[in-house]
Amino acid sequence: MPEDVRPERGLTFGRVAEDYDRARPGYPAELYADIATGGRLRVLEAGAGTGKATVAFAELGASVVAVEPDSEMADVVRRRTEHLDVEVQVSRFEECAVEPASFDVVVAAQAWHWVNHEQGAAVAARALVPGGALRLWWNMPGDLGGPAWDAVRAAYDATEPEAAPLLARSLGAQSESTVPRADGFGPWSSSTYRWVQRYTADEFCAMAATYSGHLILDDERRSEVLNSVHAAITEYGHVDYHYVTQMMTARRDQKG
């Protein structure tokens, strides 16, 4: 699934927490509607980031414990959820402190790749009621075709090809086998949601600058890459980004 799985790279986002909150896309309303059924939901969130999913669940009436290892990102979550039923823990998900069997669902929005899968699944299994769900999802690039996208890919190829895959190369829905089987859970099932967002050159580059493949570059190199991409989009006015949001769901074993 998307991004790199090295935990230390997952802690690079705090220095751009406000930019991340402004520039990163959210997730489709249909996804939340599919999760938030059957009464008031108790949610444990792994890797809350700046709270995009946290806020959405809380505004639907859920109670949320949001776990985020980066203190600067966690500060944004606290500010955004000040008057909502949200508790924020600054912790790696693998080390969070929650009561056993106290949650209906464990979620990770664009974050499970930063979690040790074996340890994270163990935390989720303890935290969930029997039959509760572990739900993981990511935004991925769908069909990015046409001259504007050809120009964007050419800009990356000419400057930093390794920064392009999650932003400018089509991935689409992935196989359930891309996520390791979680001990204590049944098999994964998959749901996909397709939607489109239009970006100006400024908007796309602001978003791109928050991805780890760009954050690890030095300032001069990052500027070179983004200036090239900006020029490519400016030539065409905008790009239409076809997102595929894919959610993987596994149910906790009833016996536990």
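I began at the end of helix α10, where Gly237 follows the helix with a positive phi, near 90°; helices here are DSSP runs of H or I with at least four residues, strands are runs of E with at least two, and both are numbered from the N terminus.

I noted that this is a predicted model, in which local features need pLDDT of at least 70 and side-chain atom pairs count only at pLDDT 80 or more, while totals for chains, interfaces and linings use all residues. Residues are numbered from 1 along each chain as its sequence is written, and side-chain values use heavy atoms, with hydrogens and water left out.

**Helix α10**

I checked the length of α10 (residues 219–236): at 1.5 Å a residue its 18 residues should span 26 Å, and the end C-alpha atoms are 26 Å apart, which agrees; the expected span is 1.5 Å times one less than the number of residues.

I then listed its buried residues, namely Arg222, Val225, Leu226, Val229, Ala232 and Ile233, where buried means under 20% relative accessible area, exposed over 50% and partly exposed in between, with a 1.4 Å probe and protein chains only. They cover an arc of only 115° around the axis, which puts them on the same side of α10; the arc is that of the directions from the helix axis to the C-beta atoms.

On the face turned away from that buried side I found the exposed residues Asp219, Glu220, Asn227 and Glu235. The buried residues pack against α6 (147–159), β6 (189–199), α8 (201–208), α9 (212–215) and β7 (239–251), contact meaning heavy atoms within 4.5 Å.

**The sheet**

I traced seven strands in an open sheet of mixed pairing, in the order β3-β2-β1-β4-β5-β7-β6, two strands being paired if DSSP finds at least two bridges between them. β3 (86–90) and β6 stand at the edges with a single partner strand each, so one side of each is left without a neighbour in the sheet.

Looking at one pair, I saw that β1 (residues 42–46) and β4 (residues 103–109) run in the parallel sense over three bridges, with Leu44 opposite Val106 in β4.

**Helices across the sheet**

I followed α3 (residues 52–59) across β1, β2 (63–68), β3, β4 and β5 (128–141), at about 170° to β2; axes are lines fitted to C-alpha atoms, for helices over the stretch in contact, and angles run from 0 to 180 degrees between N-to-C directions. Seven of the eight residues of α3 are buried, and just after this helix Gly61 takes a positive phi of about 100°.
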